[in-house]
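Please look over the structure below with its charged pairs, helix packing and surface in mind. The briefing that follows is meant to be read alongside the coordinates.

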Amino acid sequence: GSSASFNYYLLGTAICAVNGPFILSCFTLVPASWFPDSERGMAVSIGVLANQMGMVVGYLLPPLIVTEENDKSRQKMQFLICHLTLAAIAGIAFLLALFFFKSSPLDATKRAPIRARDEMESIVALKLMVTNPSFWVYGLGFALVAPIYWDMGTLLNQNMSPSGYSDGMIMIPGVLLQAVALPGMVLAGKLIDTLRIFESIIVGSLLLALCSMIVFSWAITLGKSTSNLVVITMCSICAGFAFSMVQPAMLDLVTERTQPVPHGSTCSVLYLGTMTFGGLYMVISDYMEALHFNILICSIIAMILTASLIMPLIFPHSGTSGTSKHSVHSVSVSYTDGE
């Protein structure tokens with residue numbers, strides 16, 4: 001029956017979710033192992049961007065395939081086609097990684113000093129993370145900010161639909177919101193690699209995101225009009241650009257500031273928090289009016305912005321890149337070509 005089918009669906013979803021931490025931890029682990037400092041910012045940005053684009057495909061593809069609402073047998077077949085299509089994409093990615101991905105660059109001169117492969121017990125790594133001020137400011141900030149960007153499409157729909165905007169009108173700011181991720185993350189990676197201005201990128205991006213969300217919340221209250229649609233679209237572009245810049249900056253900075261904790265461990269914990277807060281946002285939004293939820297989002301961004309401004313003043317030398325006040329045993333790791 002339908003209950004059994006739903007249980008199988010939940011089981012399949014849980015199995016798919018198991019691989020998430022392994023993939024997400026690669027965002028910083030691979031750049032740390034492959035790239036020198038002058039290239040790592042762009043590498044992290046590309047990894048975050050690829051994940052974001054994958055989520056866009058995941059959101060857009062199923063509605064294009066599953067279009068039947070009345071004929072249940074036909075709808076079931078469309079769901080099957082949808083899942084087989086996604087499985088084929090995952091299978092192609094698996095084969096590409098299996099046959100073409102190497103553990104380190106073939107050119108030994110391009111290898112980075114190995115900092116992410118330190119041997120460390122999980123409990124020791126967790127202790128070092130939770131006692132590091134940078135983890136709580138930038139790590140918690142990343143976990144709170146990233147799902148806001150991921151859920152912006154839902155946020156647009158919840159705010160614009162009651163005002164009478166059609167699906168086509170809502171799609172305009174939604175598509176542009178995702179489109180600006182490419183220039184935003186590329187710019188963030190370039191600035192990180194050339195200028196190493198992590199804090200400036202974070203503060204500037206959060207300020208732009210906060211201003212955009214405040215204006216967006218105000219424009220929604222004015223009702224449906226062409227001028228308001230233009231304002232909402234501009235706010236979506238600015239917010240998307242800001243959120244896309246702040247993510248790689250925070251992710252790269254927190255993994256550096258929590259050294260000598262392995263990059264993979266830090267990234268896995270961050271994304272656990274990200275998924276948790278993302279789910280909480282969706283639950284809370286169902287029980288709050290759109291305007292009140294917007295105010296909550298603005299308050300969260302303002303809180304992270306304030307903490308990011310205060311952090312360098314209180315802890316000016318806390319966890320600087322490549323250093324730590326903690327002493328742990330670590331071992332160097334050597335690679336062989338094609339490993």
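The points below are grouped by topic, beginning with the salt bridges and ending with the surface. The model is predicted, and the distances, angles and accessibilities quoted here are therefore computed from predicted coordinates. The salt bridges in the model come to three, and among the helices involved in them are α4 (residues 37-65) and α12 (residues 226-257).

**Salt bridges around Arg40**

- Side chains of opposite charge can pair when their charged atoms come close.
- Arg40 and Asp252 form a salt bridge through their side chains, with an N to O distance of 3.7 Å; Arg40 sits in helix α4 and Asp252 in helix α12, so that this pair links distant parts of the chain, 212 residues apart.
- Arg40 is buried, and Asp252 is buried as well.
- A salt bridge also joins Arg40 to Glu256, where the closest N and O atoms are 3.2 Å apart; here too distant parts of the chain are linked, with Glu256 in helix α12 and Arg40 in helix α4, 216 residues apart.
- Glu256, like Arg40, is buried.

**The salt bridge between Glu199 and Arg257**

- Glu199 forms a salt bridge with Arg257, and the closest N and O atoms of this pair are 2.6 Å apart.
- Because Glu199 lies in helix α11 (residues 198-220) and Arg257 in helix α12, the pair ties together parts that are 58 residues apart in sequence.
- Glu199 has a relative accessible area of 23% and is therefore partly exposed, whereas Arg257, at 13% relative accessibility, counts as buried.
- As for how the salt bridges connect, those that share partners join Arg40, Asp252 and Glu256 into one network.

**Helix packing**

- Helix α7 (residues 133-150) and helix α14 (residues 290-314) have axes that come within 10 Å and cross at roughly 155 degrees; since angles over 145 degrees count as roughly antiparallel, α7 is roughly antiparallel to α14.
- The crossing in which α7 passes α14 is left-handed.
- The axes of helix α8 (residues 152-160) and α9 likewise come within 10 Å, crossing at roughly 155 degrees, which means that α8 is roughly antiparallel to α9.
- The crossing in which α8 passes α9 is right-handed.

- Between Gln178 and Gln52 the separation is 126 residues in sequence, while their C-alpha atoms are 8.3 Å apart in space.

Note on methods
Residues are numbered from 1 along each chain as its sequence is written. This is a predicted model: local features need pLDDT of at least 70, side-chain atom pairs count only at pLDDT 80 or more; totals for chains, interfaces and linings use all residues. Side-chain values use heavy atoms; hydrogens and water are left out. Axes are lines fitted to C-alpha atoms, for helices over the stretch in contact, and angles run from 0 to 180 degrees between N-to-C directions. Helices (H or I, at least four residues) and strands (E, at least two) are DSSP runs, numbered from the N terminus. Angles under 35 degrees count as roughly parallel, over 145 as roughly antiparallel, 65 to 115 as roughly perpendicular and the rest as oblique. A crossing is left-handed if the near helix is turned anticlockwise from the far one by less than a right angle, and right-handed if clockwise. A salt bridge is a side-chain nitrogen of Lys or Arg within 4 Å of a carboxyl oxygen of Asp or Glu. Buried means under 20% relative accessible area, exposed over 50%, partly exposed in between (1.4 Å probe, protein chains only).
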